[in-house]
Amino acid sequence: RTTTWDNHKSMYMGNKCSIRIGDQHANDFPPLSPPSVSPSPLCLCLPLCLSPLSLLQTRLRCWIRRHLERGVEREMEVKMEVELDMQDTPPNHTEGHGLQGTIKGRDLFGYVGIEAVLDQMRRKTMKAGFEFNIMVVGQSGLGKSTLVNTLFKSKVSRKSCTPNYEEKISKTVKLQSVSHVIEEKGVKMKLTVIDTPGFGDQINNENCWEPIVNYVNEQYERYLKEELYVNRKRRIPDTRVHCCVYFLPATGHWLRPIDVEFMKRLGKIVSIVPVIAKADTLTMEERQEFKQRIRHDLKANGIRVYPQTEYDEDPEDRILNDKIRENIPFAVVGTDKEHQVNGNKVLGRKTKWGIIEVENMAHCEFANLRDLLIRSHLQDLKDVTHNIHYETFRVRRLNESNLTVHGLALSCFPMENGTNRTNGTNGTSDRSDSESHL
């Protein structure tokens, strides 16, 4: 038996299927298109086994098979993604809050623009700039001013900025600071260098660290008062010490008692980075032995130096900080003079044995110190100062203030004999000298 295309078309239209595929019916699929070219009478005669209806059924079976296979694969992918999200995001069982999920980039309908926040923060920081306050502590003649100039590659130390400067040994420890605005590639930084002339220069150095401790606490107190004002400034000036670089003389022995006492007290209120000054006076073997002895003394005396282990936020930070902790204290050499080495200008010190390149890792560890203070951990130093050291000071001061206010409130209540705890002359309550003004 043979039939024409029109007959089969009418046959196909009259016998519609109702096979359900997923969420669609077979009726929703477009029918086979008729030939674009008018067929010849011979071509219109088709055997019944190759009729359009049979072709449609074959095509439908293949489509169903592919659709089911793709559906199973997609279901497995979605299940795996949900399991991964459940592992990454801990369940939130807080009362009064809904479930908390994570929407990743592939789940978004389109581009949102969240990544542009980083550009906004960068532009805002470049306009406003930021502050960094560094303190250098050590006895005279260890090259503190030279090392600071080498770190920032400019004349930023107090000694370099003071005309007709004369090196005099101070009878007491006096803290002096100098500030500069350094701009590099559009980024502005207000740098403040605090020097401590007179530290460790006396015969009797007892309690020579107290002026430094008082200075650090005074900066915390000043910042706290600014925060407690009713009408606060939009941007509070930050004079807190973000880092203290402590210079150890290259004796090759052990830590001196003054070194131990100073770092014990300052390590609780500021981030300390110890360095071995003028390390070129030691051989490589002497340098390694000296560093091992210093690390042993630091651990034996419970001295906390930056970066502390308990402040590592994730495994990646821990790996990076472990490498830094292995090299502490840094053996450094400072200079602000350039010399020609193999046709290139390098910072270095010229001796009769050759040129000591400051930024050459084979000669000294100045590059490690620079990377720690500026290139990799500058913002972390500021965060540790604000979130750890200043927060500890703030809690302590506020607790003292609450105790003082509570004591004054109790003194206003009448005693059993009907009198008040006030001064009989002016009617005011007695206050101790340690009362807080916050």
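Author: Before we start, a definition: two strands pair if DSSP finds at least two bridges between them. Keep in mind, too, that this is a predicted model.

Reader: Happy to. Which residue stands opposite Gly348 in S13?

Author: Strands S12 and S13 pair in the antiparallel sense, with four bridges between them. A hairpin of two residues leads from S12 into S13. Within this pairing, the residue of S13 that stands opposite Gly348 is Glu357.

Reader: On to charges: how many residues apart are Asp280 and Arg349?

Author: Their side chains meet in a salt bridge, at 2.7 Å from N to O. Asp280 sits in the loop between strand S9 (272–276) and helix H8 (284–300), whereas Arg349 belongs to strand S12. This pair therefore links distant parts of the chain, and the separation is 69 residues.

Reader: Is Arg370 buried or exposed?

Author: Buried means under 20% relative accessible area. For Arg370 the value is 11%, while Glu359, its salt-bridge partner at 3.1 Å, is partly exposed at 35%. With its 11%, Arg370 counts as buried.

Reader: Which parts of the chain does the pair of Glu359 and Arg370 tie together?

Author: The two residues are eleven apart in sequence. Glu359 lies in a loop and Arg370 in a helix, so their pair ties together the loop between S13 and H10 and helix H10 (366–376) itself.

Reader: Which residues do salt bridges that share partners join into one network?

Author: Arg370 also meets Asp371 in a salt bridge, at 3.5 Å from N to O. Asp371 is partly exposed, with a relative accessible area of 26%. Through shared partners, the network joins Lys153, Glu359, Arg370, Asp371 and Arg375.

Reader: Last one: how many salt bridges does the count come to?

Author: The rule asks for a side-chain nitrogen of Lys or Arg within 4 Å of a carboxyl oxygen of Asp or Glu. By this rule, the count comes to 17 salt bridges.

Technical notes:
Residues numbered from 1 in each chain as written. Predicted model: local features only at pLDDT ≥ 70, side-chain atom pairs only at ≥ 80, totals over all residues. Heavy atoms only, no water. Buried < 20%, exposed > 50% of the residue type's maximum accessible area, 1.4 Å probe, protein only.
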